[in-house]
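Please work through the exercises below with the sequence and the model at hand. Each task is followed by a solution that goes step by step.

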Amino acid sequence: MRLTVALLLLALSLAVALPVQATPLCRNYGNRAICILSIKRSAKYHWQYLATVSVDGIARPMEVYNCRDRFRIQKDGTVLSFEPHGAGELICNFFKR
């Protein structure tokens with residue numbers, strides 16, 4: 001009886017999945033510390049990523065990174081070219097096929 005209860009408790013404890021938190025991917029890229037806090041690849045345009053990054057400890061709002069044409073689109077619609085040794089280059093070089 002005790003063995004059955006112990007096995008039942010063991011099975012229940014293994015069945016509960018604890019949530020996993022992803023740690024940010026951080027790299028020293030050029031002379032900057034760049035962390036990718038969250039990233040999602042576009043299903044429709046495989047060369048685009050929707051990402052939140054921090055550069056030198058300063059978090060940026062979510063932006064669209066276009067790896068084909070080398071620009072990023074801010075939330076307000078502003079289009080900016082990738083900076084040399086910036087987050088866009090890190091994202092595109094790290095996740096390219």
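**Exercise 1.** Among contacts in the protein chain between residues at least 6 apart in sequence, what percentage join residues at least 24 apart?

*Solution.* The model is a predicted one, in which local features need pLDDT of at least 70 and side-chain atom pairs count only at pLDDT 80 or more, while totals for chains, interfaces and linings use all residues. Residues are numbered from 1 along each chain as its sequence is written, and side-chain values use heavy atoms, with hydrogens and water left out. With contact taken as heavy atoms within 4.5 Å, the share that joins residues at least 24 apart is 27% of the contacts between residues at least 6 apart.

**Exercise 2.** Determine how E5 pairs with E3 and with E6.

*Solution.* Strands are DSSP runs of E with at least two residues, helices are runs of H or I with at least four, and both are numbered from the N terminus; two strands pair if DSSP finds at least two bridges between them. Strand E3 covers residues 48-55, and E3 pairs with E5 in the antiparallel sense over 4 bridges, with Tyr49 opposite Tyr65 in E5. On E6 (residues 71-73), the pairing with E5 is again antiparallel, over 3 bridges, and here Asn66 stands opposite Phe71. E5 and E6 form a hairpin with 4 residues between them, and Arg70 in the turn has a positive phi of about 65 degrees.

**Exercise 3.** Describe the aromatic pairs of the structure and the setting of their residues.

*Solution.* Rings of Phe, Tyr and Trp (its six-membered ring) pair if their centres lie within 6.5 Å, and planes under 30 degrees apart count as stacked, over 60 as edge-to-face and the rest as tilted. The structure holds 2 such pairs. In one, the ring centres of Tyr45 and Trp47 are 5.3 Å apart and the planes stand at 55 degrees, so the pair is tilted. In the other, Tyr65 and Phe82 have ring centres 6.2 Å apart and planes at 45 degrees, so this pair is also tilted. Tyr65 belongs to strand E5 (residues 63-66) and Phe82 to the loop between strand E7 (79-81) and helix H2 (87-95), so the pair ties together parts 17 residues apart in sequence.

For the setting, buried means under 20% relative accessible area, exposed over 50%, and partly exposed in between (1.4 Å probe, protein chains only). Tyr65 and Phe82 are both buried, whereas Tyr45 is partly exposed at 33%.
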